[in-house]
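Here is a short briefing to read alongside the structure. Have the viewer open, and we will go through it topic by topic.

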Amino acid sequence: MAWRLYALDLPWQEAEEALLRGSEPEAFHLLEESWEARTAPPQPWPEPLYFLDGRERAEALISDGERLALLGCVAAGTVVWEGGRMRLLPPVVRRVGVGLEKPLAVGELAYEPVSAVGEGLEGLQEGLRQARAGLEQELAKELVGGLLVVDGPVRAVREGPVLGYIKTHWARYLPKEEEALLRALAPGERTPAFRVRRQGMELASWYLRLPLPPEGVRPPESGLLRVETPLQGDFGALADLSLSLFPALASHPVKDPRAPQNLLPVGGLERELARRMGSREVVARMLARHLGR
Amino acid sequence: MERIGVVLGSREATPLEFWVGVEGEGLLRLDDLVVVEGYHPKVGQVRYFGMVDHVAKAHEGENFDTDTFLAVEGKIPVSLAYVAHVSVTRILPEEFFPPDPGSPVYLAQGGDLELALYYEAMRNQRGSTKLPAGLLKNGEVAYLNLEFLNGVKGGHVNISGISGVAAKTSYATFLLKSLLESGVLEDAHQAKVLLFNVKGEDLFFLDKTNARLTEEARKEYARLGLPATPFGSVAFLAPPKKEGYLPDVDTRLEGVRAYHWDLVQFAQRGLLPFLFADKGALTNLGFLVVHVAEKLRRLAEKQKGPALLVEDWPGEDLPEGITFDALGRVRLQSFAELVRYLEFKLLGPESGEGEGDRGWTARQARGTLEAFVRRLRASVENVGHLLRGDRPGNPPDPLKGEQVHVVDLAKLHPQAQMFVVGALLKDLFERKERGQYRGRVFIVLDELNKYAPRDEESPIKDVLLDIAERGRSLGVILIGAQQTASEVERRVVGNAAIRVVGRLDAAEAERPEYRYLPASFRQRALILPQGMVILSQPEIPVPLLVRFPFPAWATKREEVLEDNSAEALRRELF
């Protein structure tokens, strides 16, 4: 039996930062001396400086009577800062059908098969997430030299230095007493680096405070960014560099609801990726026309 | 063909207008001409020709205006969008369906440019009718279809623009140069030009080389196919000084002839109404004017002039200087005397409550008669030196002698200016009507708003309307100019097939008279530099912005190239 459209809108949950599970404040291990706020003199940005980010979008749930499959679109792109300009490298956009066995053509849209990760709807959604992560990996491999900044946790080790930054903090890494320092951090200051272990990776991580104009009384977690890098080489220098990097690229609350943690170049990249994925409405209409109801 | 971009899909593309996205290093400017190829399986290949009338650049991907600062600092990626709006001038074949977004857009050059601007259609059985009218932005020659200028399909030119920078006169003279010397007008050697000089003495050096003519300008003339020379055959006519017979000019001292009418010519040609030109036409007064003019004409029948002879002037009122001639008549030797004579005929002798000659008064009330006489008396000071009884008249005759006649009006009182223009145009038009001259006659008249005002009636306006409406079939072509077309009689402007706009006043540009210009051109008319005009002609649906070369003829005294050759000195001395 042919694939038929099951639903265009699915109950979509915000992707949890699943990878953060399993972090335990009890195993807290300080990597730099004395737990107190640190600053660093301004430093020039290394060139080239890459910002990598990806997006995923579920477009439809289809069914052939027995199984479900999720049609979606994943995209990843890189913005590179070079010669004083932020330039967009050609992004990659791919349409994938999670749970399909062979490619599916819907009008002009072609969905490549991708296997689900786990059972049921959640497994399909996880498959889509992994497809996105895979695409990001692909792009990351092509980037030569320079410093790579990825949106989210560091998932793989590359040859050059890499920084991951986490915008929202679901997991706790610090014991109670140490957490007090987070509230005391002023914009442009960071905590000393500490060790994070995750899925076989050893990472150095630290928190830093972004400026949040206009200055004023804020909840203590506003403007807090957690940055991490594989525990190798001179992570201390990277930590100091991050103080010159992230605050300068912090977005403005007037323009971005995720300010200041959503970095300016990444915000631009996300807009661009959304554009390249095509209009949600147009895609939905094509799917509806070709797969029926 | 140089590919410049693609038809945009983010904005609507129609058969008449579309947007172009400019690619990479491409350069697309206002007035550039482009060509797009479209295809439809049922129609086949269609080519769209168009002109760029709007160009814009913007940062894409910016949500806020202040994002530009971030883009400049290199904090967010943006892409530069460079777009242009194209007004379609032509579709070949005429299948009005829109081009596909994404279709490649090319710059129109050479043959494509000719197609885009309908140049290839500018021809008749005898050959090309492409009259050089200036240079386009891209350096190519802009053409007018002569058939819309010489009266075959249309005629008349109207030029608008504020004084000083709009270069109305300069463009008019450039057009004349092109008409007379480009070789496109077949009977150019027969064509005559009547140029009215309304201000300064600018036009008094049309026959002198301009000392400031640069090598570059010479090249432009060469590209236009015109000789970079002054006008060859020009007569300069100026009114006489109020005392004596010398021409009243300051800057040019040789080669200027004084012109005036004698009283017999004045009466025979029925020029009296042109003295009342600027007055509103009170019905009774207007009637009386026509009546008296007719009486004067009969009086002057068979007279030779210059003085007008009358029989019935009473002896006692005779001023000195009036003498009886052999025929027993009184000789009127000046316009002032003619006025006094008319006063006598209309109101009777000065002494006593006499009555005028019933044959002349035409049963008009005394008040009307008095108004008539009052106005006539007031005009003595203004036109007395132009209407004389003591010398045979020699009014300008543009149909004889030199090809171009420059008639100076600059120093005349407005009433006298009216009179000269009216009298000359009437005479000229009547002679053309009677078929007395075969060649074409081009009349250049500035300040049309004065001679053919929108709201008032006047005998000159009637003549101009006549020329505007019937002139082209008779070979009388009016090249009219004014600061504000909105103040000129609609039918005079409306009959002009070719319209030229120089720099405009902002308020003026918004008037309905300029609606034929696309909005972008109305905007640009406000900032047009000197030497550039917007040219509209019936065949091309978009106006052209053209630049015309610096005059090869002097436009003021200082520009005259002194001729110090031995030959010139010899001519001067012997």
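This is a predicted model: local features need pLDDT of at least 70, side-chain atom pairs count only at pLDDT 80 or more; totals for chains, interfaces and linings use all residues.

Strands, labelled E, are DSSP runs of at least two residues, numbered from the N terminus.

**Arg90(B)**
- Arg90(B) counts as buried because its relative accessibility is 12%, and the cut-off for buried is under 20%.
- Leaving aside residues up to four places away in sequence, Arg90(B) touches Arg47(B), Tyr48(B), Phe49(B), Leu115(B), Tyr118(B) and Glu120(B).
- Ala235(B) is 145 residues from Arg90(B) along the chain, and 44 Å separates their C-alpha atoms.

**Nonpolar cores**
- The largest nonpolar core holds 88 residues, and Tyr119(B) and Tyr171(B) have the most contacts inside it.
- Helix H3 of chain B (residues 168–181) supplies the largest share of this core, with 7 residues.
- Beyond four places in sequence, the residues that Tyr171(B) touches include Ala133(B), Ile159(B), Val500(B) and Phe548(B).
- A second, separate core has 75 residues, among them Leu194(B), Ala267(B), Leu346(B) and Val488(B).

**Helices H10(B) and H12(B)**
- H10 (residues 414–433) and H12 (residues 459–474), both of chain B, pack at an angle of about 30° with axes 10 Å apart.
- That angle makes the two helices, H10(B) and H12(B), roughly parallel.
- Their crossing is left-handed.
- Contact residues include Met418(B), Leu425(B) and Phe429(B) from H10(B), and Ile460(B), Ile467(B) and Arg470(B) from H12(B).
- By type, the residues of this contact are 9 nonpolar, 2 polar and 5 charged.

Terms used: Residues are numbered from 1 along each chain as its sequence is written. Chains are lettered from A and ligands numbered from 1 in the order in which they are written. Side-chain values use heavy atoms; hydrogens and water are left out. Axes are lines fitted to C-alpha atoms, for helices over the stretch in contact, and angles run from 0 to 180 degrees between N-to-C directions. Helices (H or I, at least four residues) and strands (E, at least two) are DSSP runs, numbered from the N terminus. Angles under 35 degrees count as roughly parallel, over 145 as roughly antiparallel, 65 to 115 as roughly perpendicular and the rest as oblique. A crossing is left-handed if the near helix is turned anticlockwise from the far one by less than a right angle, and right-handed if clockwise. Contact means heavy atoms within 4.5 Å. Ala, Val, Leu, Ile, Met, Phe, Trp, Tyr, Cys and Pro count as nonpolar, Asp, Glu, Lys and Arg as charged, and the others, Gly among them, as polar. A nonpolar core is a set of buried Ala, Val, Leu, Ile, Met, Phe, Trp, Tyr and Cys residues joined through side-chain atoms within 4.5 Å. Buried means under 20% relative accessible area, exposed over 50%, partly exposed in between (1.4 Å probe, protein chains only).
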